[in-house]
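Welcome! Here is a short briefing to read alongside the sequence and the 3D view.

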Amino acid sequence: MKPRTILIVGWVVFLLYAYPGYLGPGAADQLIDARTGQFTDWNPVMMTEVWRLGWRFIDGPSVMLFLQSSLLLAGAYQLLRQLLVERTSAYLAVAILWFPAVIASTAVIAPEPMAASLLVAGTAALCATARAWKVVGLALFVAAGGMTTAALVAALPIVLAFLGLGVLRAVAAWATVVIVSLGLAYVLVDDRTERPALERAMHDIAGTLHFAPPLPSDQIATLLDGCPLAAPPSELQQRANRAYPKPGRYIAGASRLFEHVDAEHVNTVIAARDRLVRAQPRAYLRHRLHVWTSELGFTKHWHPLIESFVPARVDGAQLSYLSSHSLTQRVLLAPVRWLSRTALFRPHLYLAIAVILGIWAVVRRHRDAAVLLASGLAYELALMFTAGATPQWFDSEWLVVACLLGAVMVFFGELEPRHERIGEQAALGAADHDRVSHG
Amino acid sequence: MGSWRISRRVGDAIGGLSPNAIAAFGFAAFVLYAYPGFMSTDSVNQLLEARHIAFSDGNPPLMSAEWMVLDRIISGPLLMLLLQGALFLGGLNALLRHFLSPARAAWVANAILLFPPVLATMAVIWKDAQMAAYLVAGIAAVLDRRRRVRVGGLVLLAVACALRHNAVAAVLPVVIILFEWNPGMRLRRRLAIVGVVVVLTIGAVLAVSRGLATTHVRITPMWNDIVGLIAYEDDLTDAEVREALPGVHLAIDHGLQVQARLLVAMRHGWLVMIGPERFFEVPENEAEWSAATSAWLALIKAHPAAYFAYHGDVFLHLLGADDDYLTGPVWNLFTESPQQATAIAHAASWSWLQHVVGFDVFYWLADHTPLFRPWIYAVIGLLLLITCCRDRVTFALLASGLGYQLSYFPIPVEPDCRYSHWMITSVVTAAAILFVQRWRSRS
């Protein structure tokens, strides 16, 4: 089979599994924003903007599914083609797309899988020799940064290694990517609510109070001054212990921390969080470490697989997006569902592999693999400070993809010298044979 | 200067496209307009039958069976859309390659598929669109040099035959005029083989449809005919109407002819049997069915002028030859109601492009131009048949399209534009072929 045929067949099989795409937690809101053209800041606006561009041609999540899966497949193929022959690269790119831990994430319409796809495609473009492709690569990193800020951290090692303009210029290029990405994320918002920042602030307050030693009530009152608290400061830490880490309990239920938080309280709550973090830095770091370990899958309540096309809280008929699983999809989904209960769907496995492979790659001088693994690790580390209150499996997709790409590169990089040795010895043997026969 | 260069470059790039790339371009445009497939109540019923594997012959059971298979691969209408689009475009491409270079054939095939009156129906998961797709693919295949492909073409035409009750009228001219077991065979022998093929095909289609259908639905023009005849007859008293319909269970007591005229004016055939305005109650036993059939035949015999006046009126409306509005020239709903969407667990919405093309462009064309009026294509088809047609392919196409359209005369259907889709498609395709032939002979 030709490489193009392999890629197309691989992509079609992926679509058989994923079509028309599983809406991630915030995707229903984004779909509405994309249709109306009025962007809120509830979800990454860069993704909503991409979705709106796609909506010009195809409505619904399938256009995003086509985009993120084709970017991942094409990017992986181009990256591997630099080390391997075309057909092997095509087979391996398809294998990466089909890898259960990747297919389950790429099927979900959410900012993190899209960021992973953009990072793969951006890396492939940046590795090209033509300047135009390098610019495209940087543009893809801008888009990836707009999906999740952790992608900007992930882009740093890649830009430093593959831009090919020297360290200073590479840092300047990365800084430009960061500024443009954050700037666009700010400019594109039509309706600014600060909801994600508020949710994070409330989570940080609850987490810091939870991990802090017992604090005097007057100190809590001072630190949280102006916040619409649901209980006297003396009860607040006990409530935080009960509510943490369930974000739904911070504003509802018997152990809620806050009363109805409206627009005028947003800045107050965020400022209170900043004061609390400065006062209790160790507690804050322990809370963030807890968030990170949850992201890594060190938790009992781990449900990595999204199996419903539309989140349960959303009325699909009203959203004009409903779909059901075909028999083929149910068959394809069954092994993935089983594997999702194994360690294969725990990000800490990939973190460990990335660390080991990264060290191996540095020692054995597999530069490209080392860069990708460093990027994956940087991304995952960045999640410690950028992750929200609800960890999701697909948050770590870039770590998984970088790990797989790095593993392939290290494996074939290790094989290459042997092939060279075999080739050299074969040539020497042939020369000896010629000498003997002619002599 | 710069823009001239750019346009020249673009022109060169377009001119250098391979036939496959051109076809892919046309297919992508089709999919972008239709994605993931428009549906009506008929389509939803068929999808439900496909999912429950309980086929009725109210809609073609073969199509429901086909959908059953495809729905198990990808749920919903998408694969049906891709299948009918690919068959139609692939068939057109293959057909036009007999007259044009591959690249030009691909461009013309794209133009025919994207021609609004053709595209508007091809975008919907309907038996009409499927029938057109199988017909085009079948016609292309029966023209092939290889016998096995020609026999495959017969299979495609047989499937087309199974997709509408009156599809035989479209398929027969094609098989009779185009199918050859061996090229150059003597006419008598050829017709004998064609006769055998036709009998076998129709037999196979009936057997497959009957075998697949687990629920039998009586589809008859009888009820609408009776109402139409009463409506078009001179003024009748209720007693006279009752006298003409012995043993028929009526749903109303008085004002029978007024009610019949109202129902005819409403132009929704199913209202005769369903809803508060209905004229009849559904027969409960065979005796009532046979009483109704006898009354129907007697009415036709007694009032032939009213029969032809009624059917002529309905047929003219089907052709869009009256001043009335066209029925459903552009169908671009994904389902007809949220309840249907919930029932089949499938809902979709329009992209910007679909909205602009469907609602702004196509609706405007349908409302303000005669582009969607089928009578224009009937007239063009007749003129071409009489004045220009000199080869068997265009003759078969025109005979198929016009014959199929004529087959609606005895059927008092709802005058949906989709019923004229095959005539429009065949006339447009034949016109394109004839135009190419004339242009070539002159140049």
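The model is predicted, so local features need pLDDT of at least 70 and side-chain atom pairs count only at pLDDT 80 or more, while totals for chains, interfaces and linings use all residues. Residues are numbered from 1 along each chain as its sequence is written, and chains are lettered from A and ligands numbered from 1 in the order in which they are written.

**Around L82(B)**
- L82(B) sits in helix 5 of chain B, residues 78–96 (helices are DSSP runs of H or I with at least four residues, strands are runs of E with at least two, numbered from the N terminus).
- A28(B) is 54 residues away from L82(B) along the chain, and their C-alpha atoms are separated by 10 Å.

**Chain B as a whole**
- Chain B has 21 helices and 2 strands.
- Its C-alpha trace spans about 80 × 55 × 45 Å along the principal axes.
- Of the 443 residues of chain B, 47% count as buried.

**Where chain B meets chain A**
- In chain B, 20 residues are in contact with 19 residues of chain A (contact means C-beta atoms, placed from the backbone, within 7 Å).
- Helix 17 (338–344) and helix 18 (352–368) of chain B each supply at least two residues of the side that touches chain A.
- Helix 17 of chain B gives the most to that side, with 3 residues.

Definitions and conventions. Two residues are in contact if their C-beta atoms, placed from the backbone, lie within 7 Å. A residue is buried if 20 or more other C-beta atoms lie within 10 Å of its own, exposed if 12 or fewer, and partly exposed in between; C-beta atoms are placed from the backbone.
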